[in-house]
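Subject: Structure handover

Hello,

Here is the structure I promised to pass on. Please open it beside this email and follow along.

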Amino acid sequence: MTVNAKVLGLFPTGFYIGVDAYPWGQQILPVLGPDALQLPTGIQVPQLTAAHLGELRTEMPATITLSTAAAHPSVERVETANLCCVIVRTWRPSRVEPLDLLGPQRYSRDVVESIRERLIPGRNDLASRSFNLVRALESGIVQDVDSCVHALLGYGPGSTPSGDDALCGIALALRRTSQSVSRSRQQSLLTQRLSNIAFEARTTALSASLLRAAVEGYCIPEIEHAITDIACLGDGEDDSLNWVLANISRIGHHSGHDLLTGALAVLTPTEELTLVSPLEGTTHADDS
């Protein structure tokens, strides 16, 4: 099946194609060169060069050929006026996997706090908004969860707003810690509430696609490594902390810091968090 598309945007290591007729609605398809961040929703094209990108223009028409052999159609070919990419194999994007909480790896309060102090998110109140959502999930009060989700969704400028990145971080960290019964329950509640939202009506199409991927545990490798590696760090390992921060700092202007801000809201011991509910006049006590 072939559908029409167009080039929506260019960046130094790739470009975005907008596809309006995917079976599941409008989508943004990142076409990624060898040096691009490995977005979980993208197609990697190792042969994509600056010369190819130099011939592309926004609004240039394109076509996408989809395979209909599987339950979920996959991209077989991307064509523009000067470029034809044939997909020869499906790549496996990075995925956060649940941590064995009974094993030797645990998140250190001091390590988490040390990293949080060094983060520079795109919005000053992003950490507090993220904490609010985590505590609402802990309470299980659906109204509060919805209110806190909407306080993050689409919050901030750019192709992936800060609030969306934090939501992705929260979803990924909940998956990472989902072998805990309470975290598994919170993950299920967040997934259920997000499934009721038409993301494209609240945020960008690119950000919507990354949110859906994060709910399934998919993300760029730098974030998967950060969430995994933080569990292995002990107090005083400044070189390792610096390595984690250096890796996430290369993700967008501040998207890496926004993602980790959301993740750390989950990884912080719950007894240390306080929350005034977004619902006026209501407070929650920690019952953990």
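Buried residues make up 50% of the 288 residues in the chain. Please keep in mind that this is a predicted model. The chain holds ten helices and seven strands. Among contacts with a separation of 6 or more, 66% join residues 24 or more positions apart.

**The sheet**

Start with the strands. Seven of them form an open sheet, in the order E4-E3-E2-E1-E5-E6-E7. The pairing in this sheet is mixed. Which strands stand at the edges? They are E4 and E7 (84–86). Each has a single partner strand, so one side of each is left without a neighbour in the sheet.

Now walk through the pairs. Strand E1 (residues 2–11) and strand E2 pair in the antiparallel sense, over six bridges. The two form a hairpin, with two residues between them. To find the pairing on screen, look for Lys6, whose bridge partner in E2 is Gly18.

E2 spans residues 14–19. It is mostly covered, as five of its six residues are buried. E2 also pairs with strand E3 (residues 27–32). That pairing is antiparallel and again has six bridges. Two places mark it well. Ile17 stands opposite Leu29 in E3. Gly14 stands opposite Leu32 in E3.

Is E3 enclosed or open? Six of the six residues of E3 are buried, so this strand is largely enclosed by the rest of the structure. In E3, Gln27, Leu29 and Val31 point one way. Ile28, Pro30 and Leu32 point the other way. All of these residues are buried.

E3 has a parallel pairing too. Two bridges join E3 to strand E4 (residues 43–44), and these strands run parallel. There, Leu32 stands opposite Gln44 in E4. So what lies across E2 and E3? It is helix H7 (residues 205–215), which runs at about 85 degrees to E3.

Further along the sheet, five bridges join E5 to strand E6 (residues 74–79). E5 and E6 run antiparallel. Thr65 has Arg77 in E6 as its bridge partner.

Glu59 sits in the loop between helix H1 (50–54) and strand E5 (61–67). Its phi is near 75 degrees, a positive value in a residue other than glycine.

**The helix pairs**

Next, the helices. Two packed helices are described by the angle between their axes and the distance between the axes.

On the H3 side, the contact uses Leu126, Arg129, Ser130, Asn132, Leu133, Ala136 and Leu137. On the H4 side, the residues are Asp144, Val145, Cys148, Val149, Ala151 and Leu152. The residues of this contact divide into nine nonpolar, two polar and two charged.

H4 also meets helix H6 (residues 181–194). Here the axes come within 11 Å and cross at roughly 65 degrees. H4 passes H6 in a right-handed crossing. H4 brings Val142, Val145, Asp146 and Val149 to the contact. H6 brings Leu189, Leu190, Arg193 and Leu194. This contact divides into six nonpolar, no polar and two charged residues.

**A buried threonine**

Finish with Thr261. You will find Thr261 in helix H10 (residues 255–267). Is Thr261 buried or exposed? Buried means under 20% relative accessible area. Thr261 has 8% relative accessibility, so it counts as buried. Which residues does Thr261 touch, not counting those up to four places away in sequence? They are Leu119, Pro121, Leu126, Ala127 and Ser130. Leu126 and Ser130 also belong to the H3 side of the contact with H4.

Best wishes

Terms used. Residues numbered from 1 in each chain as written. Predicted model: local features only at pLDDT ≥ 70, side-chain atom pairs only at ≥ 80, totals over all residues. Heavy atoms only, no water. Helix = DSSP H or I, 4+ residues; strand = E, 2+ residues; numbered from the N terminus. Buried < 20%, exposed > 50% of the residue type's maximum accessible area, 1.4 Å probe, protein only. Contact = heavy atoms within 4.5 Å. Nonpolar A, V, L, I, M, F, W, Y, C, P; charged D, E, K, R; others polar. Axes fitted to C-alpha atoms, helices over the stretch in contact; angles between N-to-C directions. Left-handed = near helix turned anticlockwise from the far one by under 90°. Pairing = 2+ DSSP bridges.
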